[in-house]
Amino acid sequence: IGIVARRQPRETAVRHTLAAFALGLCCGLVPAQTMPADAPGAKDHATLTRYAGSWLAAQEDKAFDAASIPSGAKADQVTALEGRVTRLYYVAPAGRSVLEVQRNYEQALEKAGATRRDACAAPACGERALRAVAGADKPRLSTGTLEGWDAKTLVDQWLDLASVRWWYGTLNAAGTTLHVAVLSAKPGIGAVADKHAATVVL
C-alpha cells in the first residue's frame, strides 16, 4: 500500500513515497478470539503484517491527496506530503493494551530500519493534530460488528485522545523513502475501550 508523495519546501519540491502499512509481532499467548470479517477489499501491506489477530475494520485509499503529518509538539511542526494516501483502521484482540500494541508496531518498524521522526504519548502530545490524522472521508467499512457496534460508528469515534500514543518515521526501501505514522489509543466508545486497542496506520 504505497503513497507516492511530494514534500513542499519553499523553492523546490522533493518527491517522496508515503507508505501506509501495519506491522506487528504478537507477544505472548492468549486464547484465540473470533474477530469480525475485514472490510471488503481491504488488505495489509504486501510485505508487513498487522498486529496478530487484529480486525481491519476500515480502509481508506485516495489516489492522490495531501497529508500533513505532525512532526513536533507545536501545531506548525508538520511534514507536508502529497500523493496516494492510505489509512488502515485496526482493532486489536481483547485484552491487549494500547502500550503493547503500539510498542509492537514501533519495534517492528525500527527493527526494519525505520528512523523515528516524532513520537509522543498522552498527555504530553502538545498541539499535534492527531485527531485529523485518524480522520477519514469515505473509507471502505467492514459489515461486521464488535461488542454490538458497527464499523462506521467505531471509525467515527475511533480514538480516545486521553490514551493516545503516536509514532512517525521514515523507512528506506528499494531506494524509496517511505513515510509511516502509527497512532494507537483506546477506542472512543466506552464499551469497546474497556477491552480493545484501536490503531490507525497512515
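Predicted model: local features only at pLDDT ≥ 70, side-chain atom pairs only at ≥ 80, totals over all residues.
1. Residues are numbered from 1 along each chain as its sequence is written, and side-chain values use heavy atoms, with hydrogens and water left out.

2. How far can you trust it? The pLDDT (the predictor's confidence in each residue, from 0 to 100) averages 84 over the protein, and 82% of the residues score at least 70. (A contact means heavy atoms within 4.5 Å.)

3. Now the overall build. You'll find four helices and 11 strands; these are DSSP runs, numbered from the N terminus, with helices (H or I) of at least four residues and strands (E) of at least two. Of the 202 residues, 48% count as buried, where buried means under 20% relative accessible area, exposed over 50%, and partly exposed in between (1.4 Å probe, protein chains only). Among contacts between residues at least 6 apart in sequence, 71% join residues at least 24 apart.

4. What lines the largest pocket? Helix H2 (130-134) and helix H3 (151-156) are the elements that give two or more residues to the lining, and H3 gives the most, with three.

5. There is one aromatic pair, under a rule that pairs rings of Phe, Tyr and Trp (its six-membered ring) if their centres lie within 6.5 Å; planes under 30 degrees apart count as stacked, over 60 as edge-to-face and the rest as tilted. Tyr-89 and Trp-158 are edge-to-face, 5.2 Å centre to centre with 90 degrees between the planes. Tyr-89 sits in strand E4 (residues 78-91) and Trp-158 in the loop between H3 and strand E9 (165-173), 69 residues apart. Both Tyr-89 and Trp-158 are buried.

6. Take a look at Arg-116 in strand E5. Arg-116 counts as exposed because its relative accessibility is 53%. Leaving aside neighbours within four places in sequence, Arg-116 contacts Glu-110, Trp-167, Tyr-168 and Gly-169. From Arg-116 to Tyr-168 is 52 residues in sequence but 6.0 Å in space, C-alpha to C-alpha.

7. Most residues other than glycine have a negative phi, and most peptide bonds are trans. Here, the bond from Ala-122 to Pro-123 is cis, with omega near 10 degrees, and Pro-123 lies in the loop between E5 and H2. Glu-147, not a glycine, has a positive phi of about 55 degrees; you'll see Glu-147 in the loop between strand E7 (145-146) and strand E8 (149-150). Ala-174 has a positive phi too, near 55 degrees. Is Ala-174 buried or exposed? At 85% relative accessibility, Ala-174 counts as exposed, and its place is the loop between E9 and strand E10 (176-185).
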